[in-house]
Amino acid sequence: MISKEENILFAAEKIFAEMGFEGTSTREIAKAANVNISMISYYFGSKEKLYEKLVEYRMSEGQFFSKDILERTDINEWEKIEKIVDQFAGKVRHNQCFYRIMQREQLYAKNPQILEFLKQTKMGFIAMYSKILESGLKKGVFTKNPPIYLLHATVSGTLFYASNGKEMYKEFLNDTEEESVFDEKYYTDLNKHIKYILKDLLGYEENK
């Protein structure tokens, strides 16, 4: 069961993704969430605060996961990278509305608080990759030391570009399968592709 606050957040997310922040009204959000418009003021205060809360809610989901991954001792550094890619790819696949909002935000950002939150989240990911890479190099798990700031750009850039182009690729492949069947195959291939790239960038060999 989701809370009333989450119900409003998820309804707003879909409309923000379709119409953008400026094109979305609190009345439309209330209608989509099936609540009285006063509930938005009660829980969030304003459309701006609701928007900020949505970004904070979605972005913080990954931070707890990242901390847990870094602290694990039962898997090696490559396996940690794999889990990060799995989790990130899953989020992009299942939260497409939110990531559409974030891509728009980075191009046409007007809210300094959200920009700062996005920057800190990216910095957190880069720091996480840096710690895993440093540890992997010391242990000989990795043999290459690529620019760490580009590693995150490789993962996120590939995921976002491929996700945005999914329908075009389905048409290119002349694939007539059900959307859910194609989705499963597409994101499985995408996940494997990113891992192949990272293996080469990091100099990881599975059976050495």
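I81 touches Y129, I132, F142, L198 and L202, leaving aside residues up to four places away in sequence; contact here means heavy atoms within 4.5 Å. The model is predicted, so local features need pLDDT of at least 70 and side-chain atom pairs pLDDT 80 or more, whereas totals for chains, interfaces and linings use all residues. Residues are numbered from 1 along each chain as its sequence is written, and side-chain values use heavy atoms, without hydrogens or water.

The largest nonpolar core has 52 residues, of which L50, I81, F142 and L198 touch the most other members. Such a core is a set of buried Ala, Val, Leu, Ile, Met, Phe, Trp, Tyr and Cys residues joined through side-chain atoms within 4.5 Å. Buried means under 20% relative accessible area, exposed over 50%, and partly exposed in between, with a 1.4 Å probe and protein chains only. Among the helices that each supply at least two residues of this core are α4 (47-71), α5 (77-94), α7 (112-139) and α10 (179-202).

## Helix α8

Helix α8 spans residues 148-164, 17 residues in total, and reaches 25 Å from its first C-alpha to its last, close to the expected 24 Å. The expected span is 1.5 Å times one less than the number of residues. Helices are DSSP runs (H or I, at least four residues) numbered from the N terminus. The buried residues of α8 include I148, L151, V155, L159 and F160.

## Aromatic pairs and charges over rings

The whole structure holds 16 aromatic pairs. Rings of Phe, Tyr and Trp (its six-membered ring) pair if their centres lie within 6.5 Å; planes under 30 degrees apart count as stacked, over 60 as edge-to-face and the rest as tilted. Y43 and F44 form a tilted pair because their planes stand at 50°, with the ring centres 6.3 Å apart. Y43 is partly exposed at 29% relative accessible area, while F44 is buried at 9%.

F182 and Y186 are stacked, with 5.4 Å between centres and 25° between planes. Both lie in helix α10, 4 residues apart, about one turn of the helix. F182 is buried at 1% relative accessible area, and Y186 is buried at 11%. K170 lies over the face of F182, 5.5 Å from the ring centre; for such a placement, NZ of Lys or CZ of Arg must be within 6 Å of the ring centre and within 35 degrees of the ring normal. K47 lies over the face of F21, at 4.3 Å.

## Salt bridges

There are 14 salt bridges, each a side-chain nitrogen of Lys or Arg within 4 Å of a carboxyl oxygen of Asp or Glu. K139 and E77 meet in one of them, at 2.9 Å from N to O. K139 belongs to helix α7 and E77 to helix α5, so this pair ties together parts 62 residues apart in sequence. K139 is exposed at 60% relative accessibility, whereas E77 is buried at 3%.

K166 pairs with E179, the closest N and O atoms being 3.2 Å apart. This pair links helix α9 to helix α10 across 13 residues of sequence. K166 also pairs with D183, at 2.6 Å between the closest N and O atoms. Both K166 and D183 are buried, and E179 is partly exposed at 35%. Together, K166, E167, E179 and D183 are linked in a network of salt bridges.
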